[in-house]
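Please read it with the model open.

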Amino acid sequence: MDASGALGLAGSGDGGTDRRTDIYAAGCVLYEMLAGAPPFTARTPQGVFARHRHEPPPSLSLVRPNLPPEVQLAVERALAKVPADRFQ
């Protein structure tokens, strides 16, 4: 997915983006670094988009059982669906 597609996923829903969009993107990268796979996959870009919008990411503890809970909580917060719920 290109950057323009990612902006629509992580923004506030009104077409605008802010630093919380960057936090979401960083959360996706950190998730992939820790899990070895991106948080959302699908057969089509539309499927990936839908999963980003409507599904929580799979728990990192499934693939990294020894991961400190604080790290998992930080990644989950960075990947919050509502931008206001992410780190400020």
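1. A search of the whole structure finds one cavity of 30 Å³ or more. Bear in mind that this is a predicted model.

2. Which residues line the largest cavity? They are Tyr 31, Pro 57, Pro 58, Leu 60, Gln 72, Val 75, Glu 76 and Leu 79. By class, six of the lining residues are nonpolar, one is polar and one is charged. Helix α4 (residues 69-78) gives the largest share of the lining, with three residues.

3. Now the overall fold. The protein has four helices and zero strands. Along the sequence the pattern reads α-α-α-α. Of the contacts between residues at least 6 apart in sequence, 59% join residues at least 24 apart.

4. Burial and surface come next. The protein has 88 residues, and 28% of them are buried.

5. The largest nonpolar core holds nine residues: Tyr 24, Cys 28, Tyr 31, Leu 34, Phe 40, Leu 60, Leu 67, Val 75 and Leu 79. Helix α2 (residues 19-35) supplies the largest share of this core, four residues. Compare the core with the cavity: Tyr 31, Leu 60, Val 75 and Leu 79 are among the core residues, and these four are also among those lining the largest cavity.

6. Leu 34 sits in helix α2. Is Leu 34 buried or exposed? It counts as buried because its relative accessibility is 17%, and the cut-off for buried is under 20%. Setting aside neighbours within four places in sequence, Leu 34 contacts Leu 60, Arg 64, Leu 67, Val 71 and Val 75. Three of these partners, Leu 60, Leu 67 and Val 75, are listed in the core as well. Leu 34 and Val 75 are 41 residues apart along the chain, with their C-alpha atoms separated by 9.9 Å.

7. Cys 28 is another member of the core. Not counting residues up to four places away in sequence, Cys 28 touches Pro 39, His 52 and Leu 79. Of these partners, Leu 79 belongs to the core and also lines the largest cavity.

8. Finally, check Ala 50. This residue lies in helix α3 (residues 45-54). Why does Ala 50 count as partly exposed? Its relative accessibility is 33%, so it falls between the cut-offs of 20% for buried and 50% for exposed. Ala 50 and Phe 40 are 10 residues apart in sequence, and their C-alpha atoms are 9.3 Å apart in space. Phe 40 itself is one of the core residues.

Conventions
Residues numbered from 1 in each chain as written. Predicted model: local features only at pLDDT ≥ 70, side-chain atom pairs only at ≥ 80, totals over all residues. Heavy atoms only, no water. Helix = DSSP H or I, 4+ residues; strand = E, 2+ residues; numbered from the N terminus. Buried < 20%, exposed > 50% of the residue type's maximum accessible area, 1.4 Å probe, protein only. Contact = heavy atoms within 4.5 Å. 1 Å grid on protein atoms, 1.4 Å probe; cavity = no way out; pocket = protein on both sides within 12 Å on 5 of 7 lines; lining within 4 Å. Points joined across faces, edges and corners; volume = space filled by probe spheres on them. Nonpolar A, V, L, I, M, F, W, Y, C, P; charged D, E, K, R; others polar. Core = buried A, V, L, I, M, F, W, Y, C linked by side-chain atoms within 4.5 Å.
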